[in-house]
Structures are given as structure tokens and as C-alpha cells.
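Dear colleague,

I am handing over the structure we spoke about, and below it you will find what came out of going through it. Please read the notes with the model open beside them.

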Amino acid sequence: GISGKPKELVDVQRVGKDNIPVLRRFTGGGTVIVNPDTLFVSFIVDSKALLPGVKVFPREIMRWSEGFYTPIFAGLCGPDNGFHLEDTDYVFDEVKFGGNAQGISGKRWVHHTSFLWDYDTTQMGYLSNPEKQPEYRKKRSHDAFLCRIKDKARGGTVPDDFFHAVEWNLKQEFAVQTVGLESALEYVNLPHRKKTEWVEIT
């Protein structure tokens with residue numbers, strides 16, 4: 001997250017030795033290990049136009065997102081899957097599989113999530129067990145604290161099924177227009193405040 005201190009969040013010695021790149025993003029939240037099995041979803045919202053009933057406060061946005069994802073995981077994992085929002089995390093019962101981060105400016109906000117479809121236990125060793133953490137974690141190691149969506153999903157479920165479910169649920173509430181990467185990059189390339197940056201590990 002934007003205010004995170006590397007020495008408190010990652011094993012600096014191991015990260016430096018293995019030449020692992022570290023990126024500071026422009027939103028808050030904790031540290032995420034990213035690999036090809038990490039799934040990302042971001043909502044970029046003008047509340048006045050899209051969600052006037054959701055107050056622009058972190059907890060209110062989190063609660064809206066919990067309601068959005070509830071039917072998705074009921075479909076992918078069955079209705080008794082234990083999905084809920086715990087502190088700022090998505091969990092099955094008390095085991096985390098999704099981390100959230102936000103940025104808010106006036107009535108506009110971004111809420112993005114990294115979902116653990118799968119992960120490499122060894123890579124999780126690059127992360128520290130941070131001093132500041134949600135109470136429900138109870139200082140558990142990453143092995144005890146995290147789970148994989150693929151282990152909770154119905155047999156035969158693949159990551160594309162998750163993204164299709166997200167798209168389907170969006171269409172229940174919004175008029176959705178699908179665009180390709182090239183069109184999306186036109187917006188990315190417009191002038192904007194840039195706070196995401198590489199972090200030097202020493």
C-alpha cells in the first residue's frame with residue numbers, strides 16, 4: 001500500500017537476495033504476492049452516477065462489495081461456503097482468500113481486490129507477519145491464515161468461470177459495455193496523477 005514500509009512488510013534479505021521486484025501502489029492496504037494465479041478485480045466508480053445509495057466511506061464501500069460477491073461465491077462454491085467480509089478481507093469462515101485496497105477522492109473511488117485462486121507457499125515466505133494486522137488473524141502464519149479459491153470451488157471450476165460470474169452479476173445492476181485492452185489503454189494513457197512506483201530494497 002501507499003504508506004507501507006518494506007522493512008515491516010517483507011523479508012528484505014530474502015527479497016533482495018532473490019531479486020524480487022516490489023511495487024508500491026497508489027492505494028492503501030497490505031502487501032500482495034502476485035503470480036499468474038492471482039486474480040484482480042477493480043471497481044472505478046463515480047458514486048453520483050452509479051451508486052448514489054452507497055456512502056463514500058471505506059466501510060460502506062466494503063459492505064457493498066461483500067453484497068456484490070456473495071451470490072458469485074454461492075454459485076462457484078455452493079451456498080454454505082462461509083464467505084463474508086472480515087475486517088477488510090474476504091474470507092471463507094476465518095481463512096482469507098481476498099485482500100482489498102481503496103482510493104477515494106470526493107465522490108469517486110476505486111476498490112480493487114487481489115483474489116487467491118492459487119498460490120505458491122514458498123513465495124508467501126517473502127512476506128513478513130506484520131505487527132499491524134486484523135484481530136481475526138491472531139498472528140497466524142500465512143499457511144494457516146490463507147486459502148485457495150480453487151480448493152473451495154466446485155469441481156471443474158476454472159478462473160474464467162469467476163470472471164464470467166463477475167460480469168454476469170454486474171449486468172444485473174448496471175448497463176455493461178465490454179471493451180478490448182486497446183480501448184482501455186486509451187484511458188490509461190490520459191494525463192493523471194501517478195503514485196505507483198517501484199521500491200528499492202536495500
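Glutamate 66 is buried, with a relative accessible area of 16%, where buried stands for under 20% relative accessible area, exposed for over 50% and partly exposed for what lies in between, with a 1.4 Å probe and protein chains only. Its partner in a salt bridge is arginine 63, with 2.9 Å between the closest N and O atoms, a salt bridge being a side-chain nitrogen of Lys or Arg within 4 Å of a carboxyl oxygen of Asp or Glu. Arginine 63, at 43% relative accessibility, counts as partly exposed. Both residues belong to helix α3, where they are three residues apart, about one turn of the helix; helices here are DSSP runs of H or I with at least four residues, strands are runs of E with at least two, and both are numbered from the N terminus.

Before going further, please keep in mind that this is a predicted model, in which local features need pLDDT of at least 70 and side-chain atom pairs count only at pLDDT 80 or more, while totals for chains, interfaces and linings use all residues. Residues are numbered from 1 along each chain as its sequence is written, and side-chain values use heavy atoms, with hydrogens and water left out.

By the rule above, the count comes to nine salt bridges. Another of them joins arginine 108 to aspartate 46, at 3.7 Å from N to O. Since arginine 108 lies in strand β6 (residues 108–116) and aspartate 46 in strand β2 (residues 38–46), this pair ties together parts that are 62 residues apart in sequence. Arginine 108 is exposed, at a relative accessible area of 55%, whereas aspartate 46 is partly exposed, at 23%. Lysine 17 and aspartate 18 also meet through their side chains in a salt bridge, at 3.8 Å from N to O; lysine 17 is exposed, with a relative accessible area of 70%, and aspartate 18, at 33%, counts as partly exposed.

Helix α3 (residues 58–77) also packs against helix α7 (residues 159–173), at an angle of about 130° and with the axes 10 Å apart. The axes are lines fitted to C-alpha atoms over the stretch in contact, and the angles run from 0 to 180 degrees between N-to-C directions. The two helices are therefore oblique to each other, given that angles under 35 degrees count as roughly parallel, over 145 as roughly antiparallel, 65 to 115 as roughly perpendicular and the rest as oblique. The contact, meaning heavy atoms within 4.5 Å, involves residues of α3 including Trp64, Phe68 and Ile72, and residues of α7 including Phe162, Val166 and Leu170.

Lysine 138, with a positive phi near 55°, is placed in the loop between α4 (121–124) and α5 (142–145), and lysine 138 is exposed, with a relative accessible area of 67%.
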